[in-house]
Amino acid sequence: MMKIIDIPMPPSCRYMSDYDKLINDLLPIYGKFILNKTLTGCGGTSLFLNSGLMVVIISPRIQVLKNKHKQFPDSFLFHIPQCDNRQSAIKQKMEDLNSYLWLHYGLTPFGQQPPPAKILVTLDSVGKVFSVLESCGIIDKFFFVVDEFQCLMGDATFKGTVDMNFLVNVDNRARRICYLSATPIPEQYLDYIPQLANLPYYKLQWDPAVIEEPTLKKRKMRNGENAVKLCTELIQKYRNNGYFERKIIQGNVVYSREACIFLNEVKSIIRIIEKNNLLPEEVTILCSESKSSELPKGFTIGGLCTDRNNPINKTFTFCTKASFEGVDFYSTNASTYIFIDGGKEWLSLDVAIDLSQILGRQRLDSNPFRHDATLYYKTVPNPVTEVEFRQKQSEMEQTTKERLDMYDASQEKSKKWLVDLHLKISPEEKFVSDYVDVIQENGQSTLGFNYLVMAAKWNQWYQRRYYYSNSHQLISGIQSALGIGRKPVEVRDFESWYNNTPDKDKLAGYADFRNKYHQYDEWIFQNPFIDLRFHQWYATLGYSTLKRVNFKEDKVINIYNEYCVQDLIKTACINAFEVGKIYSLKDVKNMLQQIYDYAGFSGKTAKATDLGKYLCSQKVQCTDGQGNRLWYIEILG
């Protein structure tokens, strides 16, 4: 079993760069190790980019590298965009890297100390960087950071060959490696991956005071509901109200006017855009660059704001799984919406990894909605039992061993033939009956065991079997993965009840909770999913008034509206009624009704006796012209 080495972070420390002993004393930067930073947004990548080390940052997500390159313009981004002559572009990029290295490591005039080289590269291009560094004889001087390394397993079901070859390649050619993540591959799977199994495992332990618990609204999708329908409702709500969510912070109402929507299906994103007539100037799309040709005319991939000091964002940002890990979202007001569907493999997420990653994307502390999210989910029973799955896996592992034994016993000519034969297998046919794959080692192609795909298959089955087959298990798994538990248990129970109870019962439960647990008011005010009117009604009318009308919203609205227009009605009455004059009850009633209507209080039926609420007056009895004694109202000074 892997031994975990805990590193306690200093009290109140929020960023890794705040603790200079990390690089200088505590981490084995001259060897290979795993670093679980446990907290997203704590500046792990920036720590190494700002250090005095010569660093290669390797990421599975090009968008992350593009953002980091903007933040660190002296870095070298090794990326080859789509082009006609790719080989020529690769050759030129390698020459450019060589020139960059000469400036940052070679001779400089007047004996100046050159700034350390910082290279940014995706894992499928890192082999070219290795080649340049080896040709310069300086590869061992570089420290390699495999950022968001949990993606190696997360991506393995659709790009397992690329990821496994990367892992073999980096392990063979680099001497100093940090596998970095806030949500690393779970330890039980690391034991099955030879390149990771026996590495030192460091885990940061943060001061609980710096960790904020997310507020998660969990909403099960009903029959007939899907991401397109629910996003359309979200967009319509924004267009009607001018905001997505709102809450009370230190007595002030704050509004969310930007939305980050995590939806792992480009096809659905396109349908949402077309159904709601969204414009390019309203939408940012973060997805695989290979999907660019599928987008509607005028829409492009990328373009996320990277200026944390003056963030200017489009209203809607759509993200897929291929793009969100490690990306920094800088917004002062964005809300988060997540869609997961256990019935579709590509629309489910890894509960232990992906949800924490998503909730860690909002980087600015100034965003009061950064720890809030709405989760739309769908669960579907998994037809594959544990016995069936384990038997299938055992058969695949045994078949893999037999085929690799046969390969190892073959002559070199037969080995080459077997490799060529395996290369012709279509992606759909791979990893169906075994885990045999073509592995590149020391410049040679050989058949080997793809441990990453095996671990990914196990994890995928586990997720679907234990989380996505049952709503209760899914929610429990999410709460456990997100570390939900620091919030007072009474608040957590109330929020769970509120999110799942019928609308007609919410006001009564809200008022009862406020009346019983007034010490938790600030927690309640900062939950954006509670109807803001409830806060206003409770503060203005009080618990006893709400209870007197049995918490019926229509009656509460009338009472509240009457209270809110008191000053306006009083001023209108002062202007309409003369002091010392008497008015018939009929005239008072008609005049007061006109004032109610003018004040927007048309739902209220005026009574003559209401005037006493607004003016000093009294009922008097007078004789009319026919000698009848009638009641009038006299306006007093």
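This is a predicted model: local features need pLDDT of at least 70, side-chain atom pairs count only at pLDDT 80 or more; totals for chains, interfaces and linings use all residues.
Local features rest on pLDDT of at least 70 and side-chain atom pairs on pLDDT 80 or more, while totals for chains, interfaces and linings use all residues. Residues are numbered from 1 along each chain as its sequence is written, and side-chain values use heavy atoms, with hydrogens and water left out.

The protein holds 23 helices and 21 strands, taken as DSSP runs numbered from the N terminus (helices H or I, at least four residues; strands E, at least two). Its radius of gyration is 32 Å, whereas a compact globule of 637 residues would have one near 26 Å; the value is taken over C-alpha atoms, and the globule rule is 2.2 Å times the number of residues to the power 0.38. Along the principal axes, the C-alpha atoms fill a box of roughly 130 × 70 × 50 Å. Buried residues (under 20% relative accessible area, 1.4 Å probe, protein chains only) make up 51% of the 637.

Turning to the rings, there are 31 aromatic pairs, meaning Phe, Tyr or Trp (its six-membered ring) with centres within 6.5 Å; planes under 30 degrees apart count as stacked, over 60 as edge-to-face and the rest as tilted. Phenylalanine 494 and tyrosine 498 form a tilted pair, 5.9 Å centre to centre with 45 degrees between the planes. Both lie in helix 17 (residues 489–500), four residues apart, and both are buried. Tyrosine 510 in helix 18 and phenylalanine 534 in helix 20 are also paired, so parts 24 residues apart in sequence are tied together. These two residues, tyrosine 510 and phenylalanine 534, are buried. One aromatic cluster takes in residues including Phe494, Tyr498, Tyr510 and Phe534.

Key:
Buried means under 20% relative accessible area, exposed over 50%, partly exposed in between (1.4 Å probe, protein chains only).
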